Amino acid sequence: MHAPAPKAASPFALFLAIGGLYVAQSVIGGITWAGLPAVLRAEGVSLDRIGLVSLIALPWALKFLWSPAVERYRLPPAGRNRSGMVVLVGGLISVLGLIAVGAAGPASLVPVLACLTIVALAASTVDIACDGFAVQSLAKENHGWGNAAQVGGAYLGSAIGGGLFLVLVDASGWRVAVWAMALLVLLLGLPFVLGPARRMPDETREHVPSLAAALRRPEIRRGLAAAAIYVVAQKVGLVMLGPFLVDAGLDLSAIGFLNGVGSMFVGVAAALAGGALVKPWGVRNVLVAALVLQAASLFYFSVFDLQGGLSRTVLFGVAIASSSGILALGFVALYAQFMRWSDPRQAGVDFTLFQCMDALVSMAGGVVAGYAAEHFGYGAFFAGAGVVALLAVPAIAMVSDRR
């Protein structure tokens, strides 16, 4: 007699488990791209060297290369879904890497960057499995909630990694702060490994995941264009926001509070608002509105730097709105569309291609942003970034769906 199939996890258990993984990945991202640049600037590191932190995004930009192998392992021709094993191994590597980062200290920039690159390699591999599992396991009527878990989890993780982390660095030092984050990453992965990942039924699969199958689909090509345009317009201008706020006179605790409160409350609220607006407004209108609002924020940062004497309180509010609210408003619409464009038979490959374009453009843009801010000043840099955001409006309108 065959053993009975495991009982499927409830939608709530799926949301909790998937959301925990997205929070954990974003804790790592928050430390890397929000916390570390601010700590380095406080240590007196030059802006062009801080821009090198963006190179840690390389595994996120290239993970499409090994996503078919991950998907073929995760979805064997016959047998159970192996997402849990991918998450377990990748999560343990990430935790060990963070322990090494805490031991090295921010003064050892090269070892820290090397360890965080290994962590990024492990975390990006986990993300392939997590995205594929989410698209495949959630019923279509629950895709919106899955996207809310993804975006909301990302902002909560960023609040911890870019906010609470800086507060801990200021209060208890680098080592305690990083090791606390490592423990949190470990705990956040347990609901998935011990829950839904253990309840997958045996299946027979005919489709073999591949990059060629993905790139043959016109939806994937449109998605790649949309990702590139949107990231250039929305993210690149914010790479230097942390260092800019340090040079504007804000201490690490204040910036940590900004990142934490902004991501935890403003970001999550804006993500929910974006999800609510997609149906009545359509994806295209939400994306365009977010671009226009981001351009206005970037122009304000430019005026603040060039004119001087403006209120730091207003700067604080605009920074929260720009880095958390406006980003969430647009990206919840963009990522919901990415989920619809992905083939459930190889969702880990399809969704990964979109994210790799995001990471590749972010990485290249971060390096350029560091040099531009260092050699032309914050005022000119943010003004240029605002112009880019406005120029992206007609382009994103062409590639995105009106519905």
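A residue is called buried when its relative accessible area is under 20%, exposed when over 50%, and partly exposed in between, judged with a 1.4 Å probe and protein chains only. By this scale Leu88, with a relative accessible area of 37%, is partly exposed, and the place of Leu88 is in helix H5; helices here are DSSP runs of H or I with at least four residues, numbered from the N terminus. The structure is a predicted model, in which local features need pLDDT of at least 70 and side-chain atom pairs count only at pLDDT 80 or more, while totals for chains, interfaces and linings use all residues. Residues are numbered from 1 along each chain as its sequence is written, and side-chain values use heavy atoms, with hydrogens and water left out.

Helix H5 also holds Ser83, which, at 1% relative accessibility, counts as buried. Leaving out residues up to four places away in sequence, Ser83 touches Arg74, Ala129, Phe133 and Phe192, where contact means heavy atoms within 4.5 Å. Between Ser83 and Ala347 there are 13 Å in space from C-alpha to C-alpha, although the two are 264 residues apart in sequence.

Phe244, when neighbours within four places in sequence are set aside, is in contact with Phe301, Phe304, Asp305, Leu315, Tyr378 and Phe382.

Two further helices can be followed by their spans, the expected value being 1.5 Å times one less than the number of residues. Helix H13 (residues 283-307), with 25 residues, reaches 36 Å from its first C-alpha to its last, close to the 36 Å expected, and just after H13 Gly308 takes a positive phi of about 75°. Helix H10 (residues 218-234), with 17 residues, reaches 24 Å between its first and last C-alpha, close to the 24 Å expected. The buried residues of H10, among them Ile220, Leu224, Tyr230 and Gln234, pack against helix H9 (211-215), H13, helix H14 (312-341) and H15.

Terms used
Helix = DSSP H or I, 4+ residues; strand = E, 2+ residues; numbered from the N terminus.
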